[in-house]
Amino acid sequence: MHEQTLQRLEFPKVLAHLASFCVSEPGRELVFSLRPMTDYALILKAQAQTTEGRELLRLEPLAGLGGWPDVRREVHRARQGGVLDPEELFAVGQALQACRQYQKFFSQRCERYPLLGEVAAGIGNFDALEKKIFAAILPGPEISDHASPALADVRRRLARLQQEVKERLDQLIRSPAIQKYLQEPLVTMREGRYVIPVKQEFRTHVPGVIHDQSASGATVFIEPMAVLAANNEMRRLQAAERQEINKILARLSAQVAAVAKELAASLRALGELDFILAKARYSQALDAWQPEIEPARPFFHLRGARHPLLAIDVVPIDVRLGEDFDTLIITGPNTGGKTVALKTAGLMVLMAQSGLHIPAAGARLGIFTNVFADIGDEQSIEQSLSTFSAHMKNIVHILQEADAGSLVLLDELGAGTDPAEGAALAQAILERLQGKGAKTVATTHYSELKNFAHSRERMENASVEFDAVTLRPTYRLLTGRPGGSQAFQIALRLGVDADLISRARQFLSQEQLALADLLVQLERDRQLAARDREEARRLKEEAREIRERYLEMEKALFERRQEILRKAAQEARQLVRETRQEAEEIVREMRARANEEAQAEREKAVFELRRKIRDLSKKISAPEPPPERGEGEIPAEVKAGQEVYLPQFNQTGYVVALAENNQAQVQVGAIKLILPLQELRIRKEQISSQKLPNAGVLTAKAKAISTSVDLRGLRAMDALLEVEKYLDDAVLAGLSRVYLIHGKGTGALRAAIQEQLKNDRRVKSFRLGEQGEGGVGVTVVELA
């Protein structure tokens, strides 16, 4: 691709936006070196890498993949035998730390992110060197006392000696015999030696070495003879400290040099990962998606395409080329969006062939071997080129280079000269390009070109829409319909006098006026029809929504009715059990108190009482509704872990354990119930399969689900139900890690949630959040 074409289509501005998402200098360098490719395999791989990076950002938005310092120059200098200073070595340590973090992250997820894992495989292991550097050099940076035993010994002796010198000087300045000679009773340093400030006129009264004097000359700084030897020893120890530090730096620099080649390759791999993740972040920011690439032929079919450099509220366009026609002529008013449409089409091709996602609702593209563009005013006073001459110079180059695999974009073709000659020349240029097999998009105001496109095979007209009612452009691109320049309407809207417009219309021929009025009327009728269609579509959609709401309400009422009946039946069964217990108690009491009665009479009374109890049970149990169709069969027996359906609660649960009296303990969400087997159902396989969500639901769920849920402010029971539903959604969306935000508080909500997670089969493990994740206010859950 020619650099001039990239400049005209503003591709470098796209790269500048992309570079802002990088976290390292090597990543930014890769961005600015990015150019469109023509190899199908390379384009497909680059697109797949971007898609994989975006999937990583969706599933693991808090992944610790930060930046690192660019230490390539330091590594090269170490390889040449140079000694790095502490700041440079600390930066190298930070780069080694990034190598370890990235390598560990992708080695644990190589199956989930195979393409990124392939790049990360080029990162070496420098754990030992990283530990040595951070053990020797502290943030600041400064050399640690533990960098070597010799350094620790020297610093201990130096600190002890400094303390002794300061104590001697403190005694000296507190001495009444010396205080009268001092400017101030304090100890300071000059040239690395401890001194005291003495008045100029008393300098001979304090024996020692003068090292400095104040700017006014009133004070001299004297090193007393009492600490001269100690100061000399201190300077010797300081020299020994510097010498030992130089040894440490040289040793660490040599170790960096030993792995310089492998480290340089690792830094390149880190830069490539940063580059891929920057493409993924840019894709998210643009709401862009991977296009379909078809290598068989050069073409593009874009639906809802948006210019990536314009504001968020840009009007999307639908444009295609290379399928049923090879040349597209775009007409319409000035400021209507013709040039933007031209640049949008060109940028979509360049971005797709560069491995970038494109901001379009749908996109299918072939591969163009070259892209040519003649856009904008390139007149040059220095080269004596007018606007027309500059355009012709570009077009001459395009006619020489274009072939069947080329995309040619021409703005205002034939402009800048006599309209008749310019239109004729434009037709000849388009004919020549079509003969070469090139795919061409051109914008123009010439009516002759509209007729030319209409009368030629594999040529098509298009226009940017102009609202004939509001006299403003809508920026929509309409393929298959030529457009007018709307010069009179735009001039009128911009404030030109109506009489002047009326006079200008008189200079047009009757045929021109009739044609212009016809085009305006047709456009007005088309827009009114389009609005009517849109209104009908809206009303149809509202009717559909009302119908759906009605059906949902009907279903909700039916379920509510069934729930009331089930609850009544349950209460009735409870009442029966209580009645039976009371009756048995009465029987026992009667038997105890009726010893004097005859045995036959007692048994007769007992039999009659039990008959009445049975009659009462039948009356109370009668309202229980029959099970709904499709709820399954009553199991003869169940096993622990078996999935069962509970009609009375309209819920699915799992058998935890078997209980006495033909009952089972069932887990429903966070609640455990003991129920008779008659209240359980086993659903048929085909019923379960019909309930499975289709692929569209799963796709929508994957796009909508967040990686975190906020439970703060909820009661424990409500929070547990919310966690149950959220984990279902997270598993369907394919999330591997989620964050349950419960806050710190008293810890009761956190304890309840973690107790439920212990018995959840969907949970692989869980832990409290670390620093940067929310701490003890967040539980991080790894899903199985």
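Helix axes are lines fitted to C-alpha atoms, for helices over the stretch in contact, and angles run from 0 to 180 degrees between N-to-C directions. The model is predicted: local features need pLDDT of at least 70, side-chain atom pairs count only at pLDDT 80 or more, and totals for chains, interfaces and linings use all residues. Residues are numbered from 1 along each chain as its sequence is written, and side-chain values use heavy atoms, with hydrogens and water left out.

**Exercise 1.** Find which residues of helix H8 are buried, and where they lie around its axis.

Solution. Helices (H or I, at least four residues) and strands (E, at least two) are DSSP runs, numbered from the N terminus. Buried means under 20% relative accessible area, exposed over 50%, partly exposed in between (1.4 Å probe, protein chains only). In H8 (residues 127–136), Leu 129, Glu 130, Ile 133 and Ala 136 are buried. These cover an arc of only 140 degrees around the axis (taken from the directions from the helix axis to the C-beta atoms), which puts them on the same side of H8. Ala 128 and Lys 131 are exposed on the other side.

**Exercise 2.** Describe how H8 packs against H11.

Solution. The angle is about 160 degrees, and the axes are 11 Å apart. H8 is therefore roughly antiparallel to H11, a term for angles over 145 degrees. In contact (heavy atoms within 4.5 Å), Leu 129, Lys 132, Ile 133 and Ala 136 of H8 meet Ile 248, Leu 252, Gln 255 and Val 256 of H11.

Terms used:
Parallel < 35°, antiparallel > 145°, perpendicular 65-115°, else oblique.
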